[in-house]
Amino acid sequence: MRKSILGAALCALTLPAVAQADCGEVSITEMNWASNAIVTGVAKFIMEEGYGCDVTVVPSDTVPAVTSVAENGEPDIVTELWLNSTGEVYNQLEEQGKVERLGKVLTPGGVEGWWIPTYLAEEHPELKTIDGIMENPELVGARFNNCPDGWGCRVVSDNLIRALDLEESGIEVFNHGSGETLASSMASAVQSEEPWLGYYWGPTVPLGKYDMTKVDMGGYDQAVHERNMNADTDNPGVSDFPAAPVLTSITTDFREREPEVADMLSKMTFETAHMSALLAWMDENNASAEETTVYFLSNNSDIWSDWLNDSARQKLAALLN
Amino acid sequence: MATYDFVFSKLGLQDWCAQDQSTGPMSMKDLLSKSRGETETSQSIWEVPFPSMDNLNEACRAFPQSRELTKGLENGFLSVKDSLSIFLDPLTQPLSWFLDGALYFMLATPWWIIIPLLLLVVQLVTKSWRLVAFVGFSICTLAFIDHYEYAMQTLAIIFVCAFLCVLFGVPIGIAMSRSDTMQRLTIPILDMLQTLPPFVYLIPLIFLFSVTESKLYGIAIILYAIVPVIRLTNLGIRLVDKDVIEAADAFGMTKQQKLYRVQIPLALPNIMAGVNQTIMMSLAMVVIASLVSAPGLGVLVLRGIRNLELGVGLVAGLGIVILAVILDRVTKMSLARINASQKS
């Protein structure tokens with residue numbers, strides 16, 4: 001009996017030491033959109049090669065990932081977490097001390113809004129504002145391409161439509177069934193230089209690939225935007241979309257287990273414009289997300305070398321020139 | 001040194017290989033070996049890669065990579081797309097009108113006209129008051145929990161698509177039953193439609209048609225649901241008793257008369273079973289069609305999945321089950337009536 005207690009105590013003593021010397025098993029999410037495949041790929045490479053972790057990639061989506069963290073405390077790392085789409089659940093998790101945010105993985109953050117193609121904006125400068133669009137609905141094809149049901153932006157856009165009385169001005173609202181059809185409606189319009197008006201967000205492949213101009217809604221008003229985020233709000237208003245905070249978040253448990261890795265993740269950040277450029281490169285070269293990851297790692301070592309600690313920098317010296 | 005260098009040097013193609021460089025981006029494998037500082041060691045026989053396009057490209061840079069195959073397919077499709085849609089667009093336009101018209105009719109007409117109308121149809125085809133009561137109760141339940149509009153959208157889509165399936169499926173089935181060549185040609189296509197995952201043919205459809213038009217999901221549903229009615233019409237007519245046909249011949253019936261007076265009436269139970277299956281399959285497709293902007297209960301199911309709103313998803317799923325039971329009962333009951341009338 002005594003022996004086993006001693007053994008257990010020994011184990012307990014040695015385990016953290018082992019973990020510190022060599023990082024153990026780590027799970028990280030990979031959301032189902034293009035930019036996240038790159039972020040996760042870069043994080044995975046650095047953790048495996050620089051810190052010696054054993055990384056498992058968990059394919060997921062924003063809400064399922066947060067729910068999984070809430071229910072199981074897994075995965076350890078949720079990256080490219082669009083805070084606006086998680087709702088109250090994430091804040092509750094933070095209050096309970098289950099997760100902590102590490103910083104913005106995209107700076108200044110995600111861009112959201114209503115967009116028109118730039119060639120349209122150049123031809124008719126009045127379309128750059130929402131008032132101009134509502135006065136000339138036929139110039140944007142008299143149709144607004146709305147978000148699919150179930151997306152956070154759908155609620156906001158619906159409220160904006162109500163506040164603007166968009167349909168009254170002769171613009172039909174088309175509710176897309178999925179992000180894929182929303183993207184392909186934009187792609188086919190831009191390719192044939194037709195008018196288009198719709199919601200989109202970045203960094204994404206379409207926004208990196210096509211030259212789009214954001215429609216001015218007359219400035220961002222925090223109070224109004226927060227009101228717009230609730231479905232069936234009483235008095236929806238008109239406000240621009242703010243830059244969406246896009247974070248890396250880890251479980252507090254993981255912070256205790258792997259402080260070094262957590263430190264690296266907190267420094268990991270991409271500029272939004274750079275991410276869009278990467279996505280455009282990916283599309284141009286018909287490359288996979290993995291190849292884009294490699295492209296970033298091999299061409300931008302000045303960016304990511306700042307994230308590392310000394311021992312990791314040593315291990316990856318061959319790539320850092 | 002790549003594994004397949006010898007192939008190109010044997011064939012004397014080094015010059016061709018050297019002239020044109022077709023290199024893809026660096027792969028993860030290259031990066032890993034660079035970061036670990038590993039130099040290439042001789043390969044054992046266990047590690048010989050399959051001579052795939054990518055592996056051959058490593059030996060000879062002029063050899064195309066497999067990504068160029070996908071790129072080529074994409075470009076090929078995009079170049080025929082325009083001429084294809086000149087032809088296909090007007091051809092399929094009526095489908096958009098039908099769907100939009102049906103949706104408009106179902107939603108613009110007040111509920112106190114639509115519900116009795118539906119019940120009247122049920123009474124006419126089944127002659128069963130119990131079923132009418134059941135259908136009335138189910139629809140009122142859906143309406144009571146504020147799912148009336150979604151359910152009616154789904155019903156409208158199913159009515160249009162199932163009607164068109166029968167309209168095209170039965171003649172195709174009849175043609176198949178009359179000609180063995182036609183049957184040989186059609187069956188592989190039917191097999192393909194049934195085994196292709198619906199998502200796969202959504203991809204070319206999205207490129208071919210404007211995604212904001214309702215015919216996109218209409219075509220997807222029809223392609224998926226038309227198969228059983230074709231198969232069972234063909235089967236039903238082929239299963240008509242040879243003796244009966246002989247008797248019809250003895251009466252000196254023309255081919256036309258035989259078809260309309262003998263074969264189709266006797267095959268009707270099978271055809272109706274096909275119609276029943278077609279309706280059920282178009283209902284099954286409704287959720288997937290919601291991904292390409294079909295309105296109805298499928299949208300709610302998708303929302304339930306996206307936001308993990310368990311309740312929304314469950315209620316919408318239950319709504320679909322209720323619609324399925326209604327449609328199944330009604331078509332089965334009318335099938336039973338036909339069977340009974342044939343026996344007597």
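Author: Helix 2 of chain A passes helix 13 of chain A in a right-handed crossing, where right-handed means that the near helix is turned clockwise from the far one by less than a right angle, and left-handed anticlockwise. This is a predicted model, in which local features need pLDDT of at least 70, side-chain atom pairs count only at pLDDT 80 or more, and totals for chains, interfaces and linings use all residues. Residues are numbered from 1 along each chain as its sequence is written, and chains are lettered from A and ligands numbered from 1 in the order in which they are written.

Reader: How many nonpolar, polar and charged residues are in the contact of helix 2 of chain A with helix 13 of chain A?

Author: From helix 2 of chain A, A:Ala43, A:Ile46, A:Met47 and A:Tyr51 meet A:Glu260, A:Val261, A:Met264 and A:Leu265 of helix 13 of chain A (contact: C-beta atoms, placed from the backbone, within 7 Å). Ala, Val, Leu, Ile, Met, Phe, Trp, Tyr, Cys and Pro count as nonpolar, Asp, Glu, Lys and Arg as charged, and the others, Gly among them, as polar. The contact therefore has seven nonpolar, no polar and one charged residues.

Reader: Are helix 3 of chain A and helix 5 of chain A roughly parallel or roughly antiparallel?

Author: Helix 3 (residues 62-72) and helix 5 (residues 88-95) of chain A pack at an angle of about 30°, with their axes 10 Å apart. Angles under 35 degrees count as roughly parallel, over 145 as roughly antiparallel, 65 to 115 as roughly perpendicular and the rest as oblique. Helix 3 and helix 5 of chain A are therefore roughly parallel.

Methods. Helices (H or I, at least four residues) and strands (E, at least two) are DSSP runs, numbered from the N terminus. Two residues are in contact if their C-beta atoms, placed from the backbone, lie within 7 Å. Axes are lines fitted to C-alpha atoms, for helices over the stretch in contact, and angles run from 0 to 180 degrees between N-to-C directions.
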